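Subject: Structure handover

Hello,

Please find the structure below. My notes on it follow, for a reader who has not seen it before.

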Amino acid sequence: FIMAKQVEQLEKEKKELQERLKNQEKKIDYFERAKRLEEIPLIKTAYEEQRVRDMELWEQQEEERITTLQLEREKALEHKNRLSRMLEDRDLFEARLKASRRTVYEDKLKQFQERLAEERRNRLEERKKQRKEERRITYYREKEEEEQRLREEQLLK
């Protein structure tokens, strides 16, 4: 009997504890929901203020970027005007340089053409000699073969 009472008492305490936890959970949920409902307008206003600040900052940075680009353009134009006075000197220098390099190129090309012609003549001469030698060798071989054939014919007769 005492054991049953103790078990019943424990179950009762357990149920009470669960109920208290459930009630506490409901209070916390309600409190959080209330906080959120209170925070939503504040968050919206903070977002709007941040958006306005960001827009102002972007406009300011864009203006700075445009002014720096304009300054760079002006400097580039000044630089171009300053360098345009040197244009004739540069063209003259380029023309001289190209002419000197052209003469060097033509000289080397002429030397190459001469060596090429010489090499062609040498090879042609070498081939002529080879062909002449081959014809001489074939002539003597054929002559020898003819003599051999004639000797064989006389031996056969």
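Is Glu 62 buried, partly exposed or exposed? Glu 62 is partly exposed, because its relative accessible area is 21% (buried means under 20% relative accessible area, exposed over 50%, partly exposed in between, with a 1.4 Å probe and protein chains only).

Some background on how to read the values. This is a predicted model, in which local features need pLDDT of at least 70 and side-chain atom pairs count only at pLDDT 80 or more, while totals for chains, interfaces and linings use all residues. Residues are numbered from 1 along each chain as its sequence is written, and side-chain values use heavy atoms, with hydrogens and water left out.

Overall form

The protein chain has 2 helices and 0 strands (DSSP runs numbered from the N terminus, helices being H or I with at least four residues and strands E with at least two). Its radius of gyration is 55 Å, well over the 15 Å that the globule rule gives for 157 residues, so the protein chain is more spread out than a compact globule. That radius is taken over C-alpha atoms, and the globule rule is 2.2 Å times the number of residues to the power 0.38. Along the principal axes, the C-alpha atoms fill a box of roughly 155 × 85 × 20 Å.

The domain assignment gives domain 1 (1–84) and domain 2 (92–156); such bounds come from an automatic or database domain assignment. The C-alpha centres of domain 1 and domain 2 are 92 Å apart.

Of the 157 residues, 0% count as buried. The protein chain exposes about 16,400 Å², and carbon and sulfur atoms supply 54% of that area (Shrake-Rupley method with a 1.4 Å probe; for residues, only the protein chains shown count as cover).

Salt bridges

Side chains of opposite charge can pair when their charged atoms come close. The count here comes to 11 salt bridges, each being a side-chain nitrogen of Lys or Arg within 4 Å of a carboxyl oxygen of Asp or Glu.

Glu 62, the residue asked about above, forms a salt bridge with Arg 65, with the closest N and O atoms 2.5 Å apart. Glu 62 and Arg 65 are separated by about one helical turn because they are 3 residues apart in helix α1. Arg 65 is partly exposed, at 43% relative accessible area.

Helix α1 (residues 2–84) also holds Lys 35 and Glu 32, which are 3 residues apart, or about one helical turn. Their side chains meet in a salt bridge of 3.3 Å, N to O. Lys 35 has a relative accessible area of 33% and is partly exposed; Glu 32, with 29%, is partly exposed.

In helix α2, Glu 94 and Arg 90 lie 4 residues apart, about one turn of the helix. They form a salt bridge whose closest N and O atoms are 3.8 Å apart. Glu 94 is partly exposed at 32%, and Arg 90 is partly exposed at 44%. Arg 90, Asp 91 and Glu 94 are linked in a network of salt bridges.

Nonpolar patch

Tyr 105, Leu 109 and Phe 112 form a nonpolar patch on the surface, with about 280 Å² of accessible area together. Patches are made of residues with over 30% relative accessible area and no salt bridge, like charges being joined within 9 Å and nonpolar side chains (Val, Leu, Ile, Met, Phe, Trp, Tyr) within 5 Å. Phe 112 is in helix α2 (residues 87–156) and counts as partly exposed because its relative accessibility is 41%.

Regards
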